[in-house]
Structures are given as C-alpha cells and as structure tokens.
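Subject: Structure for you to look at

Hello,

Here is the structure I said I would pass on. Please open it first, and then read the notes below with it on your screen.

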Amino acid sequence: MKVNMIINGSAYQRDVEPRTLLVHFIRDVIGLTGTNIGCDTAQCGACTIHMNGMAIKSCTTLALQADGAEIMTIEGLASNGDLHPMQQAFWDNHGLQCGYCTPGMIMAAVKLIESNPSPSDDEIRHGLEGNLCRCTGYQNIVRSVKAAAEVMEGGD
Ligand code: FES
Ligand code: FES
C-alpha cells in the first residue's frame with residue numbers, strides 16, 4: 001500500500017506492508033536512523049518523534065496511520081547547521097551518557113517546553129516519565145531541559 005508523508009520538510013511516497021511500524025518505516029525505508037528502538041512496547045520512549053505537532057511513540061504507530069502526516073525526527077530539529085536549543089542544552093549539561101535514549105528524550109522535551117515553557121523539576125520529571133534512561137539518573141536531563149527552556153522562552 002502507498003503512503004505519503006512529509007518527513008523533516010521533505011515529501012516521501014513509498015510502498016509499505018500494512019503491518020509496517022512507523023519507526024521501521026522511518027529507519028529502514030527512509031534511512032533516518034536517529035530514531036531508536038528500545039522496547040517495541042511503548043514503554044521506553046526511545047522511538048519518540050513528532051507527528052502533526054504531537055510527540056508520539058513511533059513503535060506503536062503503523063506507517064499507514066501516518067499517511068498524509070507531517071513528521072519530524074531528531075534529524076530535523078537542527079536548522080542551518082545550528083543545533084536546536086534542546087540539543088545544545090543536552091550537550092552543554094551532559095544530559096546523556098550512552099545516548100540511546102537521547103533522540104526520544106529530546107523530541108519529548110521539546111514538546112514539553114512548548115506546552116509548559118517554564119517547568120519545575122517535578123514537572124519535567126513528570127512530563128518525561130514516558131522516556132526511560134538507564135544511564136544518567138535523570139539529574140542532568142532535568143538540568144538540560146531547564147536550560148533549554150530558558151533559551152526557548154527567550155525566543156532563541
Ligand atoms: S521503542 Fe517505542 S517506546 Fe520503546
Ligand atoms: S543516556 Fe544511556 S539510556 Fe539514557
């Protein structure tokens with residue numbers, strides 16, 4: 001079956017099997033491997049992307065369900081070679097260790113800040129509870145998101 005999607009600003013039309021998961025479509029068909037697969041059961045958040053402006057877990061969405069959608073992956077966040085403030089904040093505040101959770105964490109965090117531009121530590125922890133990290137203990141992730149929020153609120 002044919003699906004059409006705008007991914008990171010580019011239009012794609014591809015044939016897919018009805019059972020193809022969106023995360024497999026993005027990684028294996030389109031070749032954007034920044035989106036990770038950690039669990040395949042909607043628990044870890046490693047596969048988080050933006051679909052029509054919402055953060056979603058692409059391991060529990062069929063590619064067919066995204067027909068006609070606008071998708072953004074971690075590869076689409078930077079613009080003109082400049083990291084998105086959230087990416088820069090994770091870099092500056094050591095918000096990662098192995099980095100496996102990081103693309104999904106960043107995609108979820110961007111939407112968190114859009115809905116709550118100045119979150120408390122607790123609100124960040126609550127907002128990212130669908131994204132698991134087995135390395136960092138979360139402290140530097142919270143610090144990173146707070147730092148990004150300050151920049152994003154300033155309109156940078
Ligand atoms: S791979 Fe999708 S939530 Fe874990
Ligand atoms: S940095 Fe390793 S899982 Fe989060």
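A residue counts as exposed when its relative accessible area is over 50%, as buried when that area is under 20%, and as partly exposed in between. Glutamate 153, at 52%, is therefore exposed. Please keep in mind that this is a predicted model.

Glutamate 153 is found in helix α5. Leaving out residues up to four places away in sequence, glutamate 153 touches Pro117 and Ser118.

Helix packing

Two packed helices are described by the angle between their axes and the distance between the axes.

Take α3 (residues 102–115) and α5 (residues 139–153) as one pair. Their axes are 10 Å apart and the packing angle is about 45°. The two helices are therefore oblique to each other, and their crossing is right-handed. On the α3 side the contact is made by Met105, Ala109, Val110, Leu112 and Ile113, and on the α5 side by Ile141, Val145, Ala149 and Met152. What kinds of residue make up the contact of α3 with α5? There are 9 nonpolar residues, no polar and no charged.

Next, look at α2 (residues 85–92) and α3. Here the angle is about 125° and the axes are 9 Å apart. That angle makes α2 oblique to α3. The crossing of α2 and α3 is right-handed. From α2, the residues in contact are Met86, Gln87 and Phe90; from α3 they are Thr102, Met105, Ile106, Ala109, Val110 and Ile113. This contact of α2 with α3 divides into 7 nonpolar residues, 2 polar and no charged.

Within α2, the residues Pro85, Met86, Gln87, Ala89 and Phe90 are buried. What covers the buried residues of α2? The cover includes α3 and α5.

Residues in the loops

Asparagine 131 sits in the loop between α4 and α5. Is asparagine 131 buried or exposed? Its relative accessible area is 5%, so asparagine 131 is buried. The side chain of asparagine 131 reaches the backbone oxygen of glycine 45 at 3.1 Å. Not counting residues up to four places away in sequence, asparagine 131 touches Cys44, Gly45, Thr48, Gly104, Met105, Ala108 and Tyr138. Met105 also takes part in the contact of α3 with α5 and in the contact of α2 with α3.

Valine 16 has its place in the loop between β2 (10–15) and α1 (22–29). With a relative accessibility of 8%, valine 16 counts as buried. Beyond four places away in sequence, valine 16 touches Met1, Val3, Phe25, Ala63 and Leu64. Valine 16 and lysine 2 are 14 residues apart in sequence, and their C-alpha atoms are 6.2 Å apart.

Arginine 125

Arginine 125 is found in helix α4 (residues 121–127). Its relative accessible area is 36%, so arginine 125 is partly exposed. Setting aside residues up to four places away in sequence, arginine 125 touches Gly137, Tyr138, Gln139 and Val142. Tyr138 is also touched by asparagine 131.

Positive phi angles

Most residues other than glycine have a negative phi. Which residues have a positive phi here? Among them are the following.

- Asparagine 52 has a positive phi of about 50° although it is not a glycine. Asparagine 52 lies in the loop between β3 (48–51) and β4 (54–57), and its relative accessibility of 53% means that it counts as exposed.
- Asparagine 80 has a positive phi near 50°. Asparagine 80 is in the loop between β5 (70–72) and α2, and it is exposed, with a relative accessible area of 80%.
- Histidine 94 follows α2, and its phi is positive, near 50°.

Best wishes

Methods:
Residues numbered from 1 in each chain as written. Chains lettered and ligands numbered in written order. Predicted model: local features only at pLDDT ≥ 70, side-chain atom pairs only at ≥ 80, totals over all residues. Heavy atoms only, no water. Axes fitted to C-alpha atoms, helices over the stretch in contact; angles between N-to-C directions. Helix = DSSP H or I, 4+ residues; strand = E, 2+ residues; numbered from the N terminus. Parallel < 35°, antiparallel > 145°, perpendicular 65-115°, else oblique. Left-handed = near helix turned anticlockwise from the far one by under 90°. Contact = heavy atoms within 4.5 Å. Nonpolar A, V, L, I, M, F, W, Y, C, P; charged D, E, K, R; others polar. Buried < 20%, exposed > 50% of the residue type's maximum accessible area, 1.4 Å probe, protein only. Polar contact = N/O pair within 3.5 Å; in protein donor to acceptor, adjacent residues only side chain to side chain.
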